[in-house]
Amino acid sequence: MGRLKNTKHEAFAQEYAKTGNAYQSAVSAGYSEKYAKGNSYKLVEISGISERIKEVHAEVEKKLIERSELEPPMSDEELLSILYSVARRRPFKGRSMVSVTQKGKINEKTTEYQYSPTTEEQLAAVDKLARIRGMYSDKLELEGNMDLKVVVDYGDDDENEAPTDN
């Protein structure tokens with residue numbers, strides 16, 4: 001897609017991709033505060049702008065991956081593997097590195113550790129896996145005859161009759 005021809009739209013898309021704040025992005029792009037207060041959310045919904053915002057996000061993510069500041073996104077299989085490991089309370093091995101500065105020298109200390117998920121984390125993982133598998137849902141579906149029959153009972157004719165003006 002590339003840059004948008006409308007410079008305000010492009011500026012808005014760039015700013016919104018950074019901040020996620022439609023009002024602030026509209027003002028930064030050169031729209032009046034009055035317009036931004038009432039209409040900035042509409043800018044996000046314009047198809048060209050929304051596509052450009054997604055494109056800018058992808059460009060930023062790609063740059064971060066290239067600079068090794070961010071690992072590539074996890075695959076579905078990797079995410080499920082981690083959930084299953086937590087649900088089964090399998091321990092994780094890890095490494096932490098601490099840099100300590102003393103008298104101009106930087107000493108890096110690496111500590112290896114093992115972490116086991118808590119019962120609360122295990123239950124949360126089991127719950128997520130059950131939802132993924134569709135074992136239960138938040139919606140209640142009812143089937144059956146939904147015919148409605150209304151019966152109005154005013155009681156006995158003699159006792160409950162309203163008085164008349166005779």
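User: Which residues of helix α6 are buried?

Analyst: This is a predicted model, in which local features need pLDDT of at least 70, side-chain atom pairs count only at pLDDT 80 or more, and totals for chains, interfaces and linings use all residues. Residues are numbered from 1 along each chain as its sequence is written, and side-chain values use heavy atoms, with hydrogens and water left out. Helices (H or I, at least four residues) and strands (E, at least two) are DSSP runs numbered from the N terminus, while buried means under 20% relative accessible area, exposed over 50%, and partly exposed in between, with a 1.4 Å probe and protein chains only. By these cut-offs, the buried residues of α6 are Ala125, Leu129 and Ala130.

User: How far apart are the end C-alpha atoms of α6, and which element do its buried residues pack against?

Analyst: The expected span of a helix is 1.5 Å times one less than its number of residues, and the 15 residues of α6 (residues 119-133) should therefore span 21 Å, which agrees with the model. Just after this helix, Gly134 takes a positive phi of about 75°. The end C-alpha atoms are 21 Å apart, and the buried residues of α6 pack against α5 (76-87).

User: In what order do the helices and strands follow one another from the N terminus?

Analyst: The protein chain has six helices and two strands, and 17% of its 166 residues count as buried. From the N terminus on, the elements run α-α-α-α-α-β-β-α.

User: At what angle do α1 and α4 pack, and is the crossing left-handed or right-handed?

Analyst: Axes are lines fitted to C-alpha atoms, for helices over the stretch in contact, and angles run from 0 to 180 degrees between N-to-C directions. Helix α1 (residues 7-19) and helix α4 (residues 47-66) pack at about 45° with their axes 9 Å apart, which makes α1 oblique to α4, since angles under 35 degrees count as roughly parallel, over 145 as roughly antiparallel, 65 to 115 as roughly perpendicular and the rest as oblique. A crossing is left-handed if the near helix is turned anticlockwise from the far one by less than a right angle, and right-handed if clockwise. The angle is thus about 45°, and the crossing of α1 past α4 is right-handed.

User: Which residues of α4 meet α1?

Analyst: Contact means heavy atoms within 4.5 Å. From α1, the residues involved are His9, Glu10, Phe12, Ala13, Gln14, Tyr16 and Ala17. Their partners in α4 are Ile49, Arg52, Ile53, Val56 and His57.

User: Which exposed residues does α4 carry on the face turned away from its buried side?

Analyst: The buried residues of α4 are Gly48, Ile49, Arg52, Ile53 and Val56, and they stand on the same side of α4, because their arc around the axis is only 140°. These buried residues pack against α1 and α3. The face turned away from them carries the exposed Lys54 and Lys62.

User: Which residues of α3 make the contact with α1?

Analyst: α1 and helix α3 (residues 33-45) pack at an angle of about 90°, with their axes 11 Å apart, and the two helices are therefore roughly perpendicular to each other. The contact is made on the α1 side by His9, Phe12 and Tyr16, and on the α3 side by Ser40, Leu43 and Val44.

User: What relative accessible area does Glu10 have?

Analyst: Glu10 lies in helix α1, and, not counting residues up to four places away in sequence, Glu10 touches Arg3, Leu4 and Arg52. Glu10 is buried, with a relative accessible area of 3%.

User: What phi does Arg89 have?

Analyst: Arg89 is found in the loop between α5 and β1 (92-102), where its relative accessibility of 37% counts as partly exposed. Although Arg89 is not a glycine, its phi is positive, at about 55°.

Terms used. The arc is that of the directions from the helix axis to the C-beta atoms.
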